[in-house]
Amino acid sequence: MPSLTERETDILWGVAKGLTYGDIAERLGISRNTVLTHIKNIYRKLEVNSRGEAVFAAINHNIINLKG
């Protein structure tokens, strides 16, 4: 199972909820460029190429849970 950092998981949760990278950056108090760097790392670790694939992989690997 891929291992994501806590920050990467927070960002991926935001992506799964449909937030823009700008919205995620604002909520986490980081720059949009930092979000993009984390996104690249997430894609690499999950071996995916899109937001949808990343969310799908994260749910399948129990990295994020959209229920509750």
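This is a predicted model: local features need pLDDT of at least 70, side-chain atom pairs count only at pLDDT 80 or more; totals for chains, interfaces and linings use all residues.

Trainee: Let us begin with Glu8. Is Glu8 buried or exposed?

Mentor: Burial is judged by relative accessible area, and buried means under 20%. Glu8 has a relative accessible area of 3%, so Glu8 is buried. This residue lies in helix H1, which spans residues 6–16.

Trainee: What does the side chain of Glu8 reach?

Mentor: The backbone nitrogen of Thr5 is reached by the Glu8 side chain at 2.9 Å. Leaving aside residues up to four places away in sequence, Glu8 touches Ser3, His38, Asn41, Ile42 and Lys45.

Trainee: Which residues of the largest nonpolar core touch the most other members?

Mentor: That core has 20 residues, and Leu12, Ile39 and Leu46 touch the most other members. Two or more residues come from each of H1, helix H2 (21–28), helix H3 (32–46) and H4. H3 gives the most to this core, with five residues. As for Ile39, its contacts include Ile11, Val15 and Tyr21, not counting residues up to four places away in sequence.

Trainee: Which residues form a nonpolar patch on the surface?

Mentor: Trp13, Ile59 and Leu66 form such a patch, with about 250 Å² of accessible area together. Leu66 is found in the segment after helix H4 (51–60).

Trainee: How is the exposure of Leu66 classed?

Mentor: Partly exposed covers the range between buried, under 20%, and exposed, over 50%. With a relative accessible area of 34%, Leu66 is therefore partly exposed.

Note on methods. Residues are numbered from 1 along each chain as its sequence is written. Side-chain values use heavy atoms; hydrogens and water are left out. Helices (H or I, at least four residues) and strands (E, at least two) are DSSP runs, numbered from the N terminus. Buried means under 20% relative accessible area, exposed over 50%, partly exposed in between (1.4 Å probe, protein chains only). A polar contact is a pair of N or O atoms within 3.5 Å; within protein, one must be able to donate a hydrogen and the other to accept it, and residues adjacent in sequence count only if both atoms are side-chain atoms. Contact means heavy atoms within 4.5 Å. Patches are made of residues with over 30% relative accessible area and no salt bridge: like charges are joined within 9 Å, nonpolar side chains (Val, Leu, Ile, Met, Phe, Trp, Tyr) within 5 Å. Accessible areas come from the Shrake-Rupley method with a 1.4 Å probe; for residues, only the protein chains shown count as cover. A salt bridge is a side-chain nitrogen of Lys or Arg within 4 Å of a carboxyl oxygen of Asp or Glu. A nonpolar core is a set of buried Ala, Val, Leu, Ile, Met, Phe, Trp, Tyr and Cys residues joined through side-chain atoms within 4.5 Å.
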